[in-house]
Structures are given as C-alpha cells and as structure tokens.
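Welcome to this short tour.

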Amino acid sequence: EVFYQGEAKNKKETVDVVRLFPDLSESSAAVTDANGGTYLWVGETVSVKITLKNTGERKADEYRLFCPIPEPATYVSRSGTVEGIEWSDDIRGLIWTLNGLEVGQSKEITFNMTVNDSYYYRSGTITTEFYVIAGDERFDIEPASINIQGHPYLNVVAMGDSLIAKSDWVQRLDQKLEAAYPAADYNTAASAVSGEMSFEGLARFDSTVGPLHPHILIVAYGTNDTGISYSYFQYSIDSIVAKARGMGATVFINTIGPISWPGKTDWPRYNQAIMDVSAKYGVPVINVASALSQNPGKYFYDGMHYTAQGSEVVAQTVFNSVSQYLNSLGGRR
C-alpha cells in the first residue's frame, strides 16, 4: 500500500509459492545378467543397481529406498550395499534408510538376486517395483525388466513295430538331441510291439501313447501292413495322426523300406499312403527308406530289421528332420 497525506493512493497484492523440497523422481533402476547374457536361466545371478538422484531444491536429509524382491527371484544374502540396509518381511524385500543427499548429487545402491528353481521349465520376467520416500513424498522408480528363459522340456515318442522294438535307434535319437541341445531336456520313449500292424497301434493309442503326452510323435508303421491291406493302413495312419495332432503333438511319419522279404514287394505303394496322409494334415515325412537304400546289405541283417549301422542311419535321418522344427535351444518352434 502507498499512502499520501493519510490516504491510500495505491494498493497491490501478490502471492507466490516456493516449494523447497528434495526431488528423487529421476532416480533409476537397472537389472542385468551377471554373466553378461540377454536372458536368465534358473540359478543365475541378477545384478541390480539403483541410482538415486536428487534434482530438487533442497538436500534430502532423510529418505528411504524400498526394494521388494520380484516373485521369480531370491535375494543373495549379504550382497546389498551395507549402509542403512535392512530386510523387511512386510514388503518381502530390502529397505535402505539414508540421509544427506545433496541437491544435484547421485548415490548408487546395489544388490544381487538369483532366479528361483520353480522357473526351470517355464519362462518369465523379473520386473522391479522400487520406490523412494522422502518426507511426505513418494517417488516411484521406473520399472526395469529382464527375461527368464525356461529350459525346454519335450516328450518325444516313437510308436511302431519291431523296427523300433528290436533296434536302438530311438535311444540313439535321444542321445543326438541331448548332445545338440544341452539346454533342453528330452524324455524320449519307444512305444513299440513286435509284429504289430498300424490298426493295432491305433487301437492302443489312447491307453499307451496318449498317457505319455507326446510333444513330438514319430509314427513308424508299415513293415507288417505291407502286402496285407493298403486301405486299413492308410486309415490307421490317418487316424493316428489326427489323434496326435488333437493332443497338440508335432507329428512325423517314417517311410517304409527298403524291404527284401517274401510277400512284401509292394512296400513302395504303402509309402504313397504315407504321402497322402502327410499332404492331408501337413505333417512332415522322414524319408528313412532313401537313406537305408544306400546300402541295404549293411543296414539290414535279414532284409527287414536294422543292424547297428542301420539304426544309426535311421536315428541320424530322424534327427535331421526333427531338428528343423526345433528352435536354437531345442524347444519346438
């Protein structure tokens, strides 16, 4: 107010608000694989770094950093920055009580976690939910994330007749898969009956193959069907493929032959039935017949059943086909 000779000649009012407080809103968090990978496996160490920044207008005399441990992980005991640290069951995590963060200053807090065993066969994400409280203000820190890679686990089942039951190519296949994809686990099983025909395999599918929950099914019939019933064979293979696909399995069909056995000279015709079923359902055919035809005298001991060398050829041929449908870790594409 301005007074002149006892009178108010001018009057003005102004209001301003000054907020002098610490501001930790630009604090940040980072999570990384301690081994330098782009994703984590079970048991691996996760390095956590929180950078606290005061971009406010006053020193943070006392403030608290809250770090709940994400569900997929476990805190590594004694790995955290020592100053002001304590464990809290209420947040299932760490709390740091700190003071004296000047304007423009930064402070780093670090600790380690490990990935829990429950994620061995499943993937997931570790995501932080950290925050700071200074006075009456809460500052949420932008979440940081890193992915967990579960180990692929596949049930591989080969069903068929004596070409499986009297050889070890399924076991050899398992060894090749395990060697090529060390991060994956394969439960490889042979479901075979000597002398069995495809319609008999179809009849037992629900009781013997289905309970194995195959992710990959290799169908290897035809040696006993050949020369008996083409239509039964085609119907049975079609039905087996339909059942397996209905369960979510990736299905492969092995070709037949070469067979040098009385009454089975028409085996190439049965391979046409396999091709027809393959075309109908879009399932891959594994041409073991072509590979075995390179040296039948070496690969068969009686014109029908595999020698050790024949089993190796079949195992390698099947592996070459199946691996095209696996990703780099050995899981299904």
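Contact here means heavy atoms within 4.5 Å. This is a predicted model, in which local features need pLDDT of at least 70, side-chain atom pairs count only at pLDDT 80 or more, and totals for chains, interfaces and linings use all residues. Residues are numbered from 1 along each chain as its sequence is written, and side-chain values use heavy atoms, with hydrogens and water left out.

**Stop 1: Ser198.** Select Ser198, which sits in helix α3 (residues 198-209). Helices (H or I, at least four residues) and strands (E, at least two) are DSSP runs, numbered from the N terminus. Is Ser198 buried or exposed? Its relative accessibility is 0%, so it counts as buried; buried means under 20% relative accessible area, exposed over 50%, and partly exposed in between, with a 1.4 Å probe and protein chains only. Now show what surrounds it: leaving aside neighbours within four places in sequence, Ser198 is in contact with Tyr221, Asp225, Tyr232, Phe233, Ser236, Ile237 and Ile240.

**Stop 2: the sheet.** Next, colour the strands of an open sheet of 5 strands, ordered β15-β14-β16-β17-β18 with parallel pairing. Two strands pair if DSSP finds at least two bridges between them. At the edges you will find β15 (185-192) and β18 (285-286), each pairing on one side only. Strand β14 (residues 153-160) runs parallel to β15, joined by 8 bridges. Pick Leu154 and look across to β15, where its bridge partner is Tyr186.

**Stop 3: β17.** Zoom in on β17: 4 of its 5 residues are buried, so the strand is largely enclosed by the rest of the structure. With β16 it pairs in the parallel sense over 4 bridges, and Ile218 stands opposite Phe252 in β17. Towards β18, 2 bridges make the join, again with parallel strands, and Asn254 stands opposite Ile286 in β18.

Follow the chain through β17, α5 and β18, and you trace a right-handed β-α-β unit. A crossover is right-handed if, with the strands pointing away from the viewer, the path from the first strand over the helix to the second runs clockwise.

**Stop 4: helix α5.** Select residues 267-281, the 15 residues of α5. Which residues of α5 are buried? They are Trp267, Tyr270, Asn271, Ala273, Ile274, Val277, Ser278 and Tyr281. Looking down the axis of α5, you can see these buried residues fall within an arc of 150° (taken from the directions from the helix axis to the C-beta atoms), so they line one face of the helix. Their cover includes α4, β17 and β18. On the other side of α5, Ala279 and Lys280 are exposed.

Methods
Expected span 1.5 Å × (residues − 1).
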